[in-house]
Amino acid sequence: MRILGIETSADETSVAVVEDGQHLLSNVIASSVDLTAKYGGIVPEVAARSHLEVITPVIEEALLQANASWDEIDAIAVTRGPGLLGSLLIGSLAARSLAITKNKPLYGVNHVQAHVYANFITSASPALRASYQLSASQPKFPFLALIVSGGHTQLVLMQGHLKYQILGKTSDDAAGEAFDKVAKILGLPQPGGPAIAKAALPGNHEAIKLPIAKAGELNFSFSGLKTAVLRAVQELCGQDYTFPSSKLPDLLNSQQVADVAASFQSTAVKALVDATVKASRQYESVEAVLAGGVAANQLLRQELARSLPIPLLYPDIKLCTDNAAMIAALGYHISTSVKTGVDPYALTVDPSLVM
Ligand code: KG4
Ligand code: ZN
């Protein structure tokens, strides 16, 4: 079964074709990340306009790369939330129109849940094989999933397909959001995650002592860490807490930026690793998987793999950050569990959809 997936929840316009929730045939991602960098973050109106401009060519490119005609597509899956309203509307309207005109079943997908399903993509067409590093086998149930993105941070026990229990979540900022905000304090570009990871390379992760917030049990809290970074940087610059954060980057030298980036990264990673290790002791799980944009972080991958008593799987970097392959992969498992697709005339989006 070949599913065409459409993802437009934030600033990436992505369309992919995946066979049986596992075999990748195409995964086209048109990013407006250059616009995000230019405006210092995602501007909802700019993102929606950008989706509208590229959605049609991205769909055509995904079919071309998959070497598939519409006759060879069995269904369409689209992100229905969570995300930015204007962005979600562009993808869902495209999906609904195509489901009607091409007469295909349509499935609405939860974006956060879909991040986990990137781990189920384990093979690719000969054309794509060289550009993706895929796990040899699919995750085995029950497994723990640490979902860490720009909008979400949660620890989930996956008991079966579409069957799960939320073990913990963030009580304030998401992990990726903390990377993005700290990058801003340091004058690094957006999205902050990759910029912090790069800046941290020559840094000393013990240079600045930062606290790990006690959020209770398996929960997380990142807003205090962000504030602690701000205070530490103000102090490094010889300023008090009233000094505006926008003026700090001009006062920092490159070694200080590296040290703060490294100290922040290792503290954030430690918070994520500690809770996941704790969960692996409390809940029976045979494996753990990483998902979401922050799963691209090399230190997080290394530290989790080193500390967990169970094997760790993670997707290729291109499948960690937002992509439509994960939407198509989850769409497949939804399609096998329900009798019919949703009514394309009635599918709604939900910006605050929860997992
Ligand atoms: O999953 P994603 O693409 O979008 C959401 O669903 O939110 O995640 C984006 C987030 C951003 O906050 C970005 O800074 C972070 O993932 N990110 C990283 C890395 N690459 C992306 N964070 C840490 N290290 C990275 N290498
Ligand atoms: Zn995402």
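The model you are looking at is predicted. Strand S7 covers residues 143-148, while S8 covers residues 153-160. The two strands run antiparallel and are joined by six bridges; within this pairing, alanine 145 has valine 156 of S8 as its bridge partner.

How much of S7 is buried? Six of its six residues are. In a regular strand, side chains alternate between the two faces of the sheet. On one side of S7 sit Phe143, Ala145 and Ile147, on the other Leu144, Leu146 and Val148, and all of these are buried.

## The five-stranded sheet

S7 and S8 belong to an open sheet of five strands, ordered S9-S8-S7-S10-S11, with mixed pairing. Strands S9 (163-169) and S11 (312-313) are the edge strands; each has a single partner strand, so one side of each has no neighbour in the sheet.

S7 also pairs with S10, this time in the parallel sense, over five bridges. Here leucine 146 stands opposite leucine 290 of S10. Strand S10 (residues 287-291) in turn runs parallel to S11, with two bridges between them; one bridge pairs alanine 288 with leucine 312 in S11.

## Nonpolar cores

Which residues touch the most other members of the largest nonpolar core? They are Leu186, Ile196, Phe222, Val233, Phe264 and Leu300, out of 56 residues in that core. Two or more residues come from each of S7, S8, helix H6 (175-185), helix H7 (192-200), helix H8 (223-236), helix H9 (254-282), S10 and helix H10 (298-307). H9 gives the most, with 13 residues.

Take isoleucine 196 as an example: leaving aside neighbours within four places in sequence, its contacts are Phe179, Val182, Ala183, Leu186, Leu188, Ala261, Phe264 and Gln265. There is also a second, separate core of 37 residues, and Val18, Phe120, Ile147 and Met158 are among its members.

In H6, the buried residues are Ala175, Gly176, Ala178, Phe179, Val182, Ala183 and Ile185. They pack against S7, S8, H7, H8 and H9. Just after H6 comes glycine 187, with a positive phi of about 75 degrees.

H9 meets H10 as well: their axes come within 10 Å and cross at roughly 35 degrees, and the crossing is right-handed. On the H9 side the contact involves Gln265, Ser266, Val269, Leu272, Val273, Thr276 and Val277, and on the H10 side Leu299, Leu300, Glu303, Leu304 and Ser307. Sorted by class, that contact has seven nonpolar, four polar and one charged residues.

## The six-stranded sheet

Another open sheet has six strands in the order S5-S4-S1-S2-S3-S6, again with mixed pairing. Its edges are strands S5 (106-110) and S6 (123-124); since each has a single partner strand, one side of each is left without a neighbour in the sheet. Strand S1 (residues 2-7) runs parallel to strand S4 (residues 75-81), with four bridges joining them, and leucine 4 has isoleucine 76 of S4 as its bridge partner.

Helix H3 (residues 85-101) packs on this sheet, touching S1, S4 and S5, and its direction makes about 155 degrees with that of S4. Helix H12 (residues 325-335) lies across S1, strand S2 (12-19), strand S3 (23-31), S4 and S5, and runs at about 115 degrees to S5.

Technical notes. Residues numbered from 1 in each chain as written. Chains lettered and ligands numbered in written order. Predicted model: local features only at pLDDT ≥ 70, side-chain atom pairs only at ≥ 80, totals over all residues. Heavy atoms only, no water. Pairing = 2+ DSSP bridges. Buried < 20%, exposed > 50% of the residue type's maximum accessible area, 1.4 Å probe, protein only. Core = buried A, V, L, I, M, F, W, Y, C linked by side-chain atoms within 4.5 Å. Contact = heavy atoms within 4.5 Å. Axes fitted to C-alpha atoms, helices over the stretch in contact; angles between N-to-C directions. Left-handed = near helix turned anticlockwise from the far one by under 90°. Nonpolar A, V, L, I, M, F, W, Y, C, P; charged D, E, K, R; others polar.
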